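This report describes selected parts of one structure.

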Amino acid sequence: MKCGMRDACILGVAFCVLMLLQGCEDVTRDRSSGNSTNRFLASMATQGDTKSGQRDHVRSLPPDEVDVAIVGGGISGTYTAYRLLSSGKFRSEQVALFERTNRIGGRYDSPVIGCGDAQKLSEDEQKHAPRAELGGMTVRDIDTLMRGVAEELGIELGPFLMNKGRDVDPQSGDDASNPIYLRGLRTDRRSVIQASSNNNFIMVGPNGSMDGSSHALPFVQQDDNSVHDNQEQQDEPQEVAGASRVDESSNKEQQDQPQEQQDQPLDGPGAGETEQPPQEQQDQPQERPGASRTEKPPLESRQADPCNPSNADLMNRIVDGTGQRLWELSPFSRDSLRGMTAENMEFDNDVAWGNCGAASRSTRNLGVDEEETELRSAVGLREDKLWDRPLLGMEEFPSRLQREFSETYGGRTFMDQQLKRVEKVAGNVSRSFKLTFEETSTSPCSGITSLTGRTWTLQAERVILAMPKAPLESIDFVGFAPNSKKSLGAEVERLLAGVRGVPFMKLHASFSERWWQETGIGKSTNFNVGRFASTSPVNNLFAWYPGTQARDADGGYAHIPAQCKKASGENMGVVQMYSTVYPGDTWESFLRTGQQQDCDITDASMCQECFSKENGFFTSRFNTTSNHVPQVLVDGWRMELAEMFGVEASAIPDPTEVQYKVWDAKDPVTRSDATHYWQAGQEWWKLYDRVLEIGGPGTKLHIVGEAFSFNWGWGEGALETAEYMLHEHMHLPLPAWLQKRDYCLAMPFYPFERH
């Protein structure tokens, strides 16, 4: 180990030995402020996350100064770092990447589950092993940037399957035969689609309501008052959004018969009541005073050019039935002004891909309605029809980008460093930013990253903050942009107010048997791939592995590694819970967060001292205590699953391993919401460019990442903002694999001429 002393050249041997024994802490003098600061120098390249092996390419010595400081080791930060050096415009010593935790990846986290020690899997077995995608989990076929990176770096993709590829719900991409649970009503998605076509609402009453109240979720009933009567499929379904690439010739025969009638409470209050359609245009809300009405020639008459700056003008179009401009409306306000009832909204939320989409309760203030088909077509956007995933998990994207940055181009990465302060230094100096970092330590047991109290400073010419909203809110911004009377702090605060974070929770569990295929409504609907949507706190349950992650044409999977079978069973499988409606209101009460926060064990082999069975945590042969899964969480989850499947809780077996992550700005581990969106009432396309360079051109302070993107909620959004910052503000040429039109499609409402 090297001490790396730079500011004390003349040292006695004894003093150097003493410094080594003290962990190689270098006490240096911050020349700009005169304050003594501890410089943490020791062993950052060897400590930390051993699961991913990412620490092999991390330099151990933070610099005093750098031309470009990139803060954030998620996909936008690693992509930016890789692009700067691979462009040939910067030398390795000019760029440095800093990460708060001991892990590269950000909101991509893809550990192996249900297989015991993942390090013992061969390279080929790693590609076929089940992975708990605890963050983002898929790449769309329209994600040109993500796919370009995958091809450039040789990241191998495989199908992400939402359905069996034969009979698909066109609204959501789900398999039409998959089960759905609506407050006590268990049926299949096809029955809901058929019933909703007549728009005849009934209510699932108290007998089927989870809370037992008289308030009931709407359900749509066919004229024959039986949503469960199956009809012969007379026509071969057409290809729709989400259709999976599966060999149909060897698909299993689908079992179309849903569960018995006792699971179908159709006699609740309101049964048979017909929802009246909204009145015609005479009831249309009046245009608000002072509204600037934009003429509305048919959108189809426009030539679809994603590079046209006038596309931004489409945001000022008056939306039919509302009298309001597009950017002023959220899905909730639009639907309310059009006369849609709360019952309609709830139905859309639970039946469509709603719980995390534009109709969701958690995104009802969404101001970027890119889902509107007519609008998408007008600027040249395509609908996504297929999804893929890296065989080594989504985390491979940031991991490979960082490795290329380090191995191929010699870039420097510094882990366990939290940015506390960004100060714009007045005067004509080349490195006008003074950054204050505080060293961190991440517990191998709880996963919580804590501050150590040791701070140090860095001078930088340019600063790129690749992080979501919550971490940005924790930074102190000091100083003013050139030629501006507005402080950097005020500008950042204004921009952060324009976006909202949405918390989600992921939970994966491996089992020795694929009980979801043989239990209750799962058996009657042949649930072996895709999603089981529900109104329960589970929200979405995926038949994950084999299934959505990997599935053969017959519904099985021939490539399950032997080690995984040995750990979990010959017929092992994995399900995923994707809770998308404010999990802090439901699942958080099960998590025993206080015990997590109080665990001060620093040795990974001693985690059982905090999270043992005696302390109330779930343990099994292959469920490591570092997963810190409370037993009560497993018990509560199994109870909810039993209700969804219509069986006793004893029919849901104990898992062999459980891994979870809560993406919430208040969560002590993640400290970030899962996804973000521009709020309604914000002229977001104007704020978009202000984010890319805080304070205007020449400031050299940038923010990139999914939180401020057009492609909100996707990795594509993170790369989109990074590439627009690099090309429009740093004038970096587009990469060879990215065509100009595809670059424009990533953000077709950019209001300026592109370089």
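The axes of helix H11 (residues 488-496) and helix H16 (residues 684-692) come within 10 Å of each other and cross at roughly 140°. Axes here are lines fitted to C-alpha atoms, for helices over the stretch in contact, with angles from 0 to 180 degrees between N-to-C directions. H11 is therefore oblique to H16, since angles under 35 degrees count as roughly parallel, over 145 as roughly antiparallel, 65 to 115 as roughly perpendicular and the rest as oblique. Glu491, Arg494 and Leu495 of H11 make the contact with Leu687, Arg690 and Val691 of H16, where contact means heavy atoms within 4.5 Å.

This is a predicted model, in which local features need pLDDT of at least 70 and side-chain atom pairs count only at pLDDT 80 or more, while totals for chains, interfaces and linings use all residues. Residues are numbered from 1 along each chain as its sequence is written, and side-chain values use heavy atoms, leaving out hydrogens and water.

Helices (H or I, at least four residues) and strands (E, at least two) are DSSP runs, numbered from the N terminus.

The buried residues of H11 are Leu488, Glu491, Val492, Leu495 and Leu496. They fall within an arc of 130° when seen down the helix axis, so they line one face of H11; the arc is that of the directions from the helix axis to the C-beta atoms. Buried means under 20% relative accessible area, exposed over 50%, and partly exposed in between (1.4 Å probe, protein chains only).

| Helix pair | Axes come within | Crossing angle |
|---|---|---|
| H11 and H16 | 10 Å | roughly 140° |

Thr144, Leu145, Met146 and Val149 in H4 meet Gly715, Glu716, Leu719 and Glu720 in H17.

An open sheet of 3 strands has the order S5-S11-S6, with antiparallel pairing. S5 (139-140) and S6 (157-159) are at the edges with a single partner strand each, so one side of each has no neighbour in the sheet. S5 is joined to S11 (residues 387-390) by 2 bridges; two strands pair if DSSP finds at least two bridges between them. Arginine 140 stands opposite tryptophan 387 in S11.

Glutamine 517 lies in the loop between strand S18 (504-511) and helix H12 (520-524). Its relative accessibility is 12%, so glutamine 517 counts as buried. Leaving aside residues up to four places away in sequence, glutamine 517 touches Gly522, Lys523, Phe527 and Asn528.
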